[in-house]
Amino acid sequence: MSRLTAAERDALPDSAFALPGRRYPIPDAPHARDALARASEMLHRGDLTQQDYDTVVARAHAVLENE
C-alpha cells in the first residue's frame, strides 16, 4: 500500500479524496486501487453505504483512467 505522511495528506486538495470529510485519498493510481479494495471491504462489513461505495468506485476509476 502506498503511504502518505500527515503533511502530504494535509497538502492534498479536497478533490483528491473520494468522499467528503477527506476520506479515501486518491491522488494517484496506487491510492485509487487501495481505495477500491478498502471500500469493498468496508461495504461488506456494513461500515460503508452502497451510495458511498459507488462514489468511491466512480472516483477511483476516473483516476485510474487518467494514469
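This is a predicted model: local features need pLDDT of at least 70, side-chain atom pairs count only at pLDDT 80 or more; totals for chains, interfaces and linings use all residues.
Helix H2 spans residues 29–45. Helix H3 covers residues 50–66. The two helices pack at an angle of about 165°. Their axes lie 9 Å apart. An angle over 145 degrees counts as roughly antiparallel, and H2 and H3 are therefore roughly antiparallel to each other. Their crossing is left-handed.

Residues from both helices build the contact. H2 contributes Ala29, Ala32, Arg33, Ala35, Leu36, Ala39, Ser40 and Leu43. These meet Gln50, Tyr53, Val56, Val57, Ala60, His61, Val63 and Leu64 in H3. By class, the contact of H2 with H3 holds 12 nonpolar residues, 3 polar residues and 1 charged residue.

Two residues other than glycine have a positive phi: Arg22 and Tyr24. For Arg22, phi is near 55°. Arg22 sits in a loop. That loop runs between strand E1 (17–19) and strand E2 (23–25). The relative accessible area of Arg22 is 25%, so this residue is partly exposed.

For Tyr24, phi is about 60°. Tyr24 is placed in strand E2. Its relative accessible area is 14%. Buried means under 20%, so Tyr24 is buried.

Notes:
Residues are numbered from 1 along each chain as its sequence is written. Side-chain values use heavy atoms; hydrogens and water are left out. Axes are lines fitted to C-alpha atoms, for helices over the stretch in contact, and angles run from 0 to 180 degrees between N-to-C directions. Helices (H or I, at least four residues) and strands (E, at least two) are DSSP runs, numbered from the N terminus. Angles under 35 degrees count as roughly parallel, over 145 as roughly antiparallel, 65 to 115 as roughly perpendicular and the rest as oblique. A crossing is left-handed if the near helix is turned anticlockwise from the far one by less than a right angle, and right-handed if clockwise. Contact means heavy atoms within 4.5 Å. Ala, Val, Leu, Ile, Met, Phe, Trp, Tyr, Cys and Pro count as nonpolar, Asp, Glu, Lys and Arg as charged, and the others, Gly among them, as polar. Buried means under 20% relative accessible area, exposed over 50%, partly exposed in between (1.4 Å probe, protein chains only).
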